[in-house]
Amino acid sequence: MSIDSTANLDELQRLHGREGRVTLSRGALGEVVDLAAPGGTARIALQGAQLLSWVPAGEAEVIWLSPEARPQPGKSLRGGAPVCWPWFGPHAEDERKPAHGFVRGAPWELLDTEATAQATRARLGFDTAGKWRDVWPHEARAVLTVTLGDGLTLALETTNTGAEPFQLSQALHTYFAVAHIAETSVQGLDGCAYIDKVGPEARRRQEGMVRFDGEVDRIYLDPPGEVVIRDKALGRRIVVGASGSRSAVVWNPWIEKAARLGDMGADGFRRMLCVETANAADDTLTLAPGARHVLEARYRLERV
Ligand code: TA6
């Protein structure tokens, strides 16, 4: 459902709004759903089902959004948590197809919302329903459930609604806010094999923590458990738990690539780090007709 009039926005608010917990609005970032719960607040854009903000109670923003983020139809905002689906990165056979699939800049439907004593939830859906056949010759439904409680959970469920199996690679491409990338490190990947995408593609093994003094673009294979962003300057850790995933992407574009991207803002690369919960590379799945798969990322913030 795309929202193209104030009346529709009012209608959505009537259907899905919840006093003090779920609010729909339209502003500079397009149509957004604001969630509030005792544990904090979150914001999701209806275009791309893109998480734009998560602020745990009493804390500073956890999600990085470029100061130059401007809504454009068909394109995700730079930052937040774009949904890369039904493929991650460049298309395997046809590089003219959009990178990271075709739903991150497309309108999603707000399916329902829920508020309990502890949590507020919104579910957004996207159905290929034949409409995307020239880009992707399969039929599938994606449902993203965003649950805001003490932490924040993104669960992306894919169902093969067609008659043929298809390959699925995907990522919850979350941009986290950090005080300074050079004082940030990532723990939990020591000993993991990874595909290094900077320069000629190569397979390597992580030794110790991931640190940043240049471009990093890696697909880690089989991370053993939680991946932790240690932000020394802010005195906090962002803990990323996952299920339905056997790969994690760590990305910072650094200076030149950030300049090439053109929408990162001055020095934006210093303030962000992507840790993406994925099914990518060796972790690409095959989904049989009727089969479903849930990729889940669970975030919590810890003070150190
Ligand atoms: O996940 C890392 C990555 O695939 C990088 O290679 C990088 O260029 C990035 O995502 C952002 O892609 P985008 O298409 O949003 O510019």
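Biologist: How do strands β2 and β3 pair, and over how many bridges?
Modeller: Strand β2 (residues 30–37) and strand β3 (residues 40–45) are antiparallel partners, joined over 6 bridges. Strands count as paired if DSSP finds at least two bridges between them. Strands themselves are DSSP runs of E with at least two residues, while helices are runs of H or I with at least four, and both are numbered from the N terminus.

Biologist: What kind of model is this, and how are residues numbered?
Modeller: It's a predicted model, where local features need pLDDT of at least 70 and side-chain atom pairs count only at pLDDT 80 or more, though totals for chains, interfaces and linings use all residues. Residues are numbered from 1 along each chain as its sequence is written, and side-chain values use heavy atoms, leaving out hydrogens and water.

Biologist: Back to β3, then. Which residue there is the bridge partner of Val33?
Modeller: That's Ile44.

Biologist: What holds paired strands together in general?
Modeller: Strands of a sheet pair through backbone hydrogen bonds, in either a parallel or an antiparallel way.

Biologist: Is β2 largely enclosed or open?
Modeller: Largely enclosed by the rest of the structure, because 7 of its 8 residues are buried. Buried means under 20% relative accessible area, exposed means over 50%, and partly exposed is in between, using a 1.4 Å probe and protein chains only.

Biologist: Let's zoom out. How many helices and strands does the chain have?
Modeller: There are 2 helices and 23 strands. Of the 304 residues, 52% are buried. The C-alpha atoms fill a box of roughly 55 × 50 × 35 Å along the principal axes.

Biologist: Why does the radius of gyration agree with a compact globule?
Modeller: Because a compact globule of 304 residues would come out near 19 Å, and this chain has 18 Å. The radius is taken over C-alpha atoms, and the globule rule is 2.2 Å times the number of residues to the power 0.38.

Biologist: Switching to cysteines: how many disulfides are there?
Modeller: The count is 0, where a disulfide is a pair of cysteine sulfur atoms within 2.5 Å.

Biologist: Which residues does Ser169 touch?
Modeller: Not counting residues up to four places away in sequence, its contacts include Cys84, Trp85, Asn279 and Thr284. A contact means heavy atoms within 4.5 Å. Ser169 lies in the loop between β10 (166–168) and β11 (170–172), and counts as buried at 10% relative accessibility.

Biologist: And Arg292: buried or exposed?
Modeller: Exposed, at 52% relative accessibility. Arg292 is in strand β23 (residues 292–303). Neighbours within four places aside, Arg292 is in contact with Glu157, Thr158, Thr159 and Leu287. Arg230 is 62 residues away from Arg292 in sequence, and their C-alpha atoms are 34 Å apart.

Biologist: Last one: where is Pro137?
Modeller: Pro137 is in the loop between β7 (120–127) and β8 (140–148), and is partly exposed at 49% relative accessible area. Pro137 and Gln167 are 30 residues apart along the chain, with 11 Å between their C-alpha atoms.
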